[in-house]
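Keep the model open alongside.

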Amino acid sequence: MKILAVETSCDDTGIAILEIKGNKNPSFNVLSNIVSSQIEIHKQYGGVYPMMAKREHQKNLVPTLIQSLKQAGLLKIKNKSKKQNFKNLEKILEREPELLKKIIPFFKKYTLKGTSEKPDINYIAVTNGPGLEPCLWVGINFVKALSYFWNIPIIEVNHIKAHIFVNELKENGKIGGLEKKDFPVLALVVSGGHTQLVLMTELGKYQILGETRDDAAGECFDKCAKILGLSYPGGPIIAKLAEGIKTPSTGSGQAKIILPRPMISTKDYDFSFSGLKTAVLYADRKVKNKNIKYKKQMAVEVQQAIIDVLIKKTIKAAKDFKVKTIILGGGVTANKELRAQFKAKIEKENLNVNLLIPPANLSTDNGLMVAVAGYFRAKQKKFTKWQDLKAESNLRI
Ligand code: KG4
Ligand code: ZN
């Protein structure tokens with residue numbers, strides 16, 4: 001089985017092709033995973049503007065698809081172009097004119113390996129939410145066009161589940177295969193748009209234990225970076241600046257700035273990060289000489305404040321619900337310190353849990369995570385007709 005997957009919920013255009021081999025003991029074979037980043041565009045404005053991101057997706061989707069299909073060896077140049085009717089396609093893509101301009105020459109020139117009755121791709125998976133609505137719609141309309149034109153069924157995928165399920169993909173291509181003994185599972189999903197603690201008592205059964213009441217953790221990284229005059233996205237830049245610096249809470253006390261850890265001791269599993277951002281803003285206003293030393297100290301303290309809260313709340317939930325597995329997912333989990341400190345904490349507390357973290361390039365948004373989550377939906381035969389597919393920007397897990 002081969003799944004083509006499309007991710008456009010925020011500012012990354014991701015297209016991946018995943019092959020699943022074998023029925024009894026299936027294994028994964030990643031044929032391609034191409035991410036076209038819009039960072040250079042959004043950098044100039046210090047953040048993501050949805051309509052601008054939508055325009056970029058329209059430009060990037062077809063080139064990314066071509067690259068992804070070529071790498072997977074699934075693209076074929078048509079022998080001779082039969083007369084084709086693009087009327088319905090024009091209707092499907094009436095809100096994506098830039099995309100329509102690119103997709104018609106694509107369909108004229110290329111086709112998929114296999115036959116028109118049985119193309120070499122079995123399913124097309126796509127993120128239908130949560131995310132930025134205009135961005136979700138471009139990916140969805142694109143997938144509708146592909147599904148209609150190639151006659152391939154669609155699998156809709158929840159973005160949060162994709163961040164969780166990518167952990168099922170092992171380095172050796174094996175499927176992680178969470179078993180009964182691995183449950184309950186606790187997932188911490190931390191990205192630019194979400195901060196959620198999700199309990200899974202069994203595969204497919206989710207309960208949101210807590211979530212952010214205001215800004216997401218990644219959003220906090222991004223906003224604090226902006227206050228400090230740093231570029232977008234703030235998370236990796238703050239992480240880089242913080243490298244090698246110690247904070248008062250981690251020991252040597254080189255840093256003089258101490259920021260709050262909002263809601264760290266509350267009994268619930270909710271988060272709040274907007275107060276942290278405000279604290280950075282007020283502290284920053286008092287500083288006259290905003291030299292690199294100051295920025296590094298602020299960076300390490302922002303990073304540590306976020307890490308402290310995420311770890312404390314996750315470990316509390318893990319203990320309260322006696323979980324056997326902790327899964328981390330979402331862009332913020334690309335953070336090396338967060339990963340290292342999570343591992344250290346679990347060891348120190350002697351918790352008998354298995355910690356799963358994706359490789360950094362699969363923590364941030366990509367098409368492969370959508371393909372993996374799509375595979376689990378395909379197994380349940382949950383398909384969607386292109387006519388029925390729609391974006392759900394506030395989709396819950
Ligand atoms: O999951 P993701 O790629 O997109 C959303 O679904 O939002 O997450 C993007 C977020 C951004 O806020 C970015 O600053 C943050 O992940 N991020 C990081 C790191 N890499 C990306 N935050 C902290 N440390 C990093 N190394
Ligand atoms: Zn994400």
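A polar contact here is a pair of N or O atoms within 3.5 Å; within protein, one must be able to donate a hydrogen and the other to accept it, and residues adjacent in sequence count only if both atoms are side-chain atoms. This is a predicted model, where local features need pLDDT of at least 70, side-chain atom pairs count only at pLDDT 80 or more, and totals for chains, interfaces and linings use all residues. Residues are numbered from 1 along each chain as its sequence is written, chains are lettered from A and ligands numbered from 1 in the order in which they are written, and side-chain values use heavy atoms, with hydrogens and water left out.

Start at ligand 1. A polar side-chain atom of His-159 sits 3.1 Å from one of the ligand's oxygen atoms. Gly-331 uses its backbone: an N or O atom there lies 3.0 Å from an oxygen atom of ligand 1. A polar backbone atom of Asp-365 is 2.9 Å from an oxygen atom of the ligand. On its own, ligand 1 has 550 Å² of accessible area, and the protein covers 91% of that (Shrake-Rupley method, 1.4 Å probe).

Now widen the view to the shell. It holds 19 residues, and Gly-192, Asp-222, Gly-331, Asn-335 and Asp-365 come nearest to the ligand. A residue counts as near if one of its heavy atoms lies within 4 Å. By class, five of the shell residues are nonpolar, 12 polar and two charged. In this scheme Ala, Val, Leu, Ile, Met, Phe, Trp, Tyr, Cys and Pro are nonpolar, Asp, Glu, Lys and Arg are charged, and the others, Gly among them, are polar.

Where does the shell around ligand 1 come from? Domain 1 (2–164 + 364–388) and domain 2 (179–357) each give at least three residues; the bounds come from an automatic or database domain assignment. Helices α6 (159–165), α7 (217–227) and α8 (234–242) each supply at least two. Helices (H or I, at least four residues) and strands (E, at least two) are DSSP runs, numbered from the N terminus.

On a 1 Å grid over the protein atoms alone, a cavity is a set of points where a 1.4 Å probe fits but cannot get out; a pocket is an open set with protein on both sides within 12 Å along at least five of seven lines, and lining residues have an atom within 4 Å of a point. Points are joined across faces, edges and corners, and a volume is the space filled by probe spheres set on them.

The whole structure has one cavity of 30 Å³ or more. The largest cavity has a volume of about 50 Å³. Its lining includes Phe-165, Glu-168, Met-200 and Leu-356. Seven lining residues are nonpolar, one is polar and one charged.

The second largest pocket holds about 520 Å³. Nineteen residues line it, with Lys-78, Lys-82, Gln-84, Thr-111 and Ser-116 nearest its centre. β4 (75–77), β5 (110–112) and α5 (133–150) each give two or more residues to this lining. β5 gives the most, with three.

Finish on the backbone. A cis peptide bond joins Phe-183 and Pro-184, with omega about 0°. Pro-184 lies in the loop between α6 and β8 (185–190). Another cis bond links Tyr-232 to Pro-233, with omega about -5°. Pro-233 belongs to the loop between α7 and α8.
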